[in-house]
Amino acid sequence: MKINQMDYTFENVVSFDNGETVQDVTVGYDYLPEEDQYAEVYDLFVFDATGADITYDIPQAEYKRLVEEAKADHRQVVADANAY
């Protein structure tokens, strides 16, 4: 996956050592709304400064936090779109 293939992106940081150090990342995600018997889906990927996909290198707790950040980002995107 590449950054420019994602529907939405935002900047964030991740830590690989419980906050001792952080790395700037770009989070990209596609959103699939709830439909019929399927729950909504956030298809999330994490990219380093070079654009490399580091999703599988992220600790699980950090990944879960980024999913929550993506949900908040999407709520803001929808709110901004509805404001017009």
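Predicted model: local features only at pLDDT ≥ 70, side-chain atom pairs only at ≥ 80, totals over all residues.
**Strands.** I began with β3, residues 41-47, and found it mostly covered, with 5 of its 7 residues buried. Its partner is β2, residues 23-32; I get an antiparallel pairing over 7 bridges.

**S15.** Next I looked up S15, which sits in the loop between β1 (8-14) and β2. Is S15 buried or exposed? At 8% relative accessibility I log S15 as buried, because the cut-off is under 20%.

What do the polar atoms of the S15 side chain meet? I find the backbone nitrogen of N18 at 3.4 Å from one such atom, and the backbone oxygen of T21 at 3.0 Å from one. Leaving out residues up to four places away in sequence, I list E20, T21, V22, P59 and E62 as touching S15.

**Salt bridges.** How many salt bridges are there? I count 2.

E62 turns up again here: R65 forms a salt bridge with E62, with the closest N and O atoms 3.2 Å apart. I place both in helix α1 (residues 60-82), 3 residues apart, or about one turn of the helix. R65 is partly exposed at 27% relative accessible area, while E62 counts as buried at 15%.

The other entry is K71 with E68, where the closest N and O atoms are 3.5 Å apart. K71 and E68 are also in helix α1, and being 3 residues apart they are separated by about one helical turn. I have K71 down as partly exposed at 24% relative accessibility, and E68 as partly exposed at 48%.

Definitions and conventions:
Residues numbered from 1 in each chain as written. Heavy atoms only, no water. Buried < 20%, exposed > 50% of the residue type's maximum accessible area, 1.4 Å probe, protein only. Helix = DSSP H or I, 4+ residues; strand = E, 2+ residues; numbered from the N terminus. Pairing = 2+ DSSP bridges. Polar contact = N/O pair within 3.5 Å; in protein donor to acceptor, adjacent residues only side chain to side chain. Contact = heavy atoms within 4.5 Å. Salt bridge = Lys/Arg side-chain N within 4 Å of Asp/Glu carboxyl O.
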